[in-house]
Amino acid sequence: MVGVGVFGHTPLSPPRANPGLCIAVTRSHFNQVVQDTVQAINAGHILREGGAGNKYLKVIEGHADAYVYPTKGTKKWDTCAGEAILRALGGTTTDCVGRPINYLPSQSYHNIWGVLATLHGHQQLLEKIPKETKERLSSLQE
């Protein structure tokens, strides 16, 4: 529940073998857009993981600073549970343009504008996503 927090869990900080952030990204859909975005964010370490829920867990458990998916492909059911837990911890999920993900039944079940999930520093990361990526995502229609 937002505002109450979670109990029995203390988030860790991601390991810092390399300078820069630790970013969880897609394993199966890693493309040039994802690579360019990760480079712009100045990731020191990239975790290529399967499953949106698994990438949320990497952020929640402190193994990654952020989950970044700067393209369409995930669905609302891929992100809803992870977002609920992350929000209870005080984290943030938006699309890669900066808008909250809308779970209302009147909305498409596709997360067309990508996913950005963080426990800390969400706005700073959002500002590092390339302008070209944001423009490309903003032009997509539901």
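This report walks through the fold of one protein chain, from its overall layout to a few individual residues.

The model is predicted, so local features need pLDDT of at least 70 and side-chain atom pairs count only at pLDDT 80 or more, while totals for chains, interfaces and linings use all residues. Residues are numbered from 1 along each chain as its sequence is written, and side-chain values use heavy atoms, leaving out hydrogens and water.

**The overall layout**

Let's start with the whole chain. It has five helices and five strands, where helices (H or I, at least four residues) and strands (E, at least two) are DSSP runs numbered from the N terminus. Along the sequence they follow the pattern β-α-β-α-β-α-β-β-α-α. Of the 142 residues, 40% are buried; buried means under 20% relative accessible area, exposed over 50%, and partly exposed in between, with a 1.4 Å probe and protein chains only. Contact means heavy atoms within 4.5 Å. Among contacts in the chain with a separation of 6 or more, 68% are between residues 24 or more positions apart.

**How the strands pair**

Two strands pair if DSSP finds at least two bridges between them.

| Strands | Sense | Bridges |
|---|---|---|
| Strand 1 (residues 21-26) and strand 2 (residues 43-49) | parallel | six |
| Strand 1 and strand 3 | parallel | two |
| Strand 3 and strand 5 (residues 115-118) | antiparallel | four |

To get from strand 1 to strand 2, the chain passes through helix 1 (residues 32-41) in a right-handed β-α-β crossover. Right-handed here means that, with the strands pointing away from the viewer, the path from the first strand over the helix to the second runs clockwise.

**A closer look at helix 1**

Which residues of helix 1 are buried? They are Val34, Thr37, Val38 and Ile41. Seen down the helix axis, these buried residues fall within an arc of 100°, so they line one face of helix 1; the arc is that of the directions from the helix axis to the C-beta atoms. An α-helix has 3.6 residues a turn, so residues three or four places apart point the same way. The buried residues of helix 1 pack against strand 1, strand 2, strand 3 (66-69), helix 4 (122-128) and helix 5 (131-138).

Gln35 also belongs to helix 1, but Gln35 is partly exposed, with a relative accessible area of 34%. At the N-terminal end, Asn31 caps helix 1 with a side-chain oxygen 3.1 Å from the backbone nitrogen of Val33. Just after the helix, Asn42 takes a positive phi of about 70°.

Thr94 sits in strand 4 (residues 92-94). Is Thr94 buried or exposed? Thr94 is buried, at 7% relative accessible area. Its side chain makes a polar contact of 2.9 Å with the side chain of His122. A polar contact is a pair of N or O atoms within 3.5 Å; within protein, one must be able to donate a hydrogen and the other to accept it, and residues adjacent in sequence count only if both atoms are side-chain atoms. Leaving aside neighbours within four places in sequence, the contacts of Thr94 include Arg99, Val115 and Leu126.
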